[in-house]
Amino acid sequence: MTQNIKGFSKLTKEEKIEWIASAYFVNPKEAKQIVTQYWNSNEALQKLHDEFIENTITNFYLPYGVAPNFSINGKSYTIPMAIEESSVVAAAAKAAKFWGERGGFKARVINTEKIGQVHFLFQGAFEKLETFFNTIKPQFFAATENATKNMQKRGGGILDIQLKNKTHELPNYYQLHATFNTKDSMGANFINTCLEQFAKTLENEAHDYEAFTETEKNIQVIMSILSNYVPNCVVRAEVSCPVDQMSEDANINPREFAEKFVTAVNIAEIEPYRAVTHNKGIMNGIDAVVLATGNDFRAVEAGVHAYASQSGQYRSLSHAKIENDIFTFWIEVPLALGTIGGLTSLHPLVKFSLEMLGNPSAEELMQIVAVTGLAQNFAAVRSLTTTGIQQGHMKMHINNILNQHQATKEEKIKVLDYFKNTTISHSLVVDYLESLRH
């Protein structure tokens, strides 16, 4: 059994790799080769990547693709997508072309409010705490002036601070519930800095508040942290066209397709088992752009899925309807994104992505990301309700199967030709490849 190691973080990168290779791998030399072959030959660039996180030993690649021909609010975009899943980029590009010929996507930001909370315990009457809070509320703003002045110059800052009584859910539990506008930055560090100062102010002012007893003065701050649930930082994206324009295939009746599509979305609105997979398809598009633009896809995922559950049941994020022979498909989704700060000013490919998008504001990026999610969802539901999801997906996935089995160039040509009009599955591809070899 491998022993634990002391002082690992103090080792050089090469020493870390040497220890890992020797401790965990049958062939240490091969393990080291796998790791080092992903290093960037540009030493300065590699050093930049090494310093993004701790204990870095190499780079982990994801494919970086682009989906062209997106028309959003009359403006044309080529959208960067970082994702490993076959068919996602192709599906997004196909949906972009379809809707580009039908007026394009429309998008608008509904709100950009973000939330942070100071969670604390107070042993005393709520009325007394409420009076105290109202008395010292201006002090929260005054104590954070140094932290907020630059944000205020950009038109952002602290919007409001509220006292929330949560004692019916947990004894003695209260919150300072603060709302923020962070403009073009995601704002996590800004919000957390403000919250931690709120906590200090709360404790200090309580200690000196004469109306409190000694017990009441002893407010216990549990934690101060932003929330990734942002139900008031929401963007809407939609497409619409006459029902008779809903099909590009002469074999598919446009009205039947539109009605079937609406029913499929309705199913995802009422059936959680379907809704989870439905929304996963939306996140295929959203996460890919969030990653490519240096934003936090884990925060986005957490907030989006909480939003999908706000009714008390997990539901579809997208919606569809037919009214007066017009098909409309739309999504409303919470997205706390930034285009300045963090990796956006450090990672070369993130800067590349943002420049390709025209250096958008945070609100414009919210619209781009929401549209990509909607496009991905349209492509998936269209496949599901017409040809089935596997036909397109497996055509894109076949190259991965061939590479996994180390097919030669000649073998790939023969396999791709054979499956041009034949059902594709992993086992069928492998069987045919083996038949060629024997």
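Q: Hi! Before I dig in, what kind of model is this, and how are residues numbered?
A: This is a predicted model, where local features need pLDDT of at least 70, side-chain atom pairs count only at pLDDT 80 or more, and totals for chains, interfaces and linings use all residues. Residues are numbered from 1 along each chain as its sequence is written, and side-chain values use heavy atoms, with hydrogens and water left out.

Q: Great. What is the strand order in the sheet with β5?
A: That open sheet of four strands runs β5-β6-β4-β7, with antiparallel pairing. Strands are DSSP runs of E with at least two residues, helices are runs of H or I with at least four, and both are numbered from the N terminus. Two strands pair if DSSP finds at least two bridges between them.

Q: Which strands sit at the edges?
A: β5 (157-165) and β7 (220-227), each of which pairs on one side only. From one strand to the next, the twist averages 15°. Such angles run from 0 to 180 degrees between N-to-C directions, using lines fitted to C-alpha atoms, for helices over the stretch in contact.

Q: And which helix packs on that sheet?
A: Helix α5 (residues 126-143), which touches β4, β5 and β6. Contact here means heavy atoms within 4.5 Å. The direction of α5 makes about 170° with that of β5.

Q: How many bridges link β4 and β6?
A: Eight bridges, in the antiparallel sense, between β4 (residues 114-121) and β6 (residues 173-181). H119, for instance, has Q175 in β6 as its bridge partner.

Q: How many aromatic pairs are in the whole structure?
A: There are 25. Rings of Phe, Tyr and Trp (its six-membered ring) pair if their centres lie within 6.5 Å; planes under 30 degrees apart count as stacked, over 60 as edge-to-face and the rest as tilted. One of them is Y64 with F352, an edge-to-face pair at 6.2 Å centre to centre and 65° between the planes. Y64 lies in β1 (residues 64-72) and F352 in helix α12, so this pair ties together parts 288 residues apart in sequence.

Q: On to the largest pocket: which residues are closest to its centre?
A: F52, L291, L343, H347 and V350, out of 40 lining residues. About 1400 Å³ of space lies in this pocket. A pocket is an open set of points on a 1 Å grid over the protein atoms alone, with protein on both sides within 12 Å along at least five of seven lines, while a cavity is a set where a 1.4 Å probe fits but cannot get out; lining residues have an atom within 4 Å of a point. Grid points are joined across faces, edges and corners, and a volume is the space filled by probe spheres set on the points.

Q: And which element gives the most to the lining of the largest cavity?
A: α11, with four residues. That cavity holds about 90 Å³ of space.
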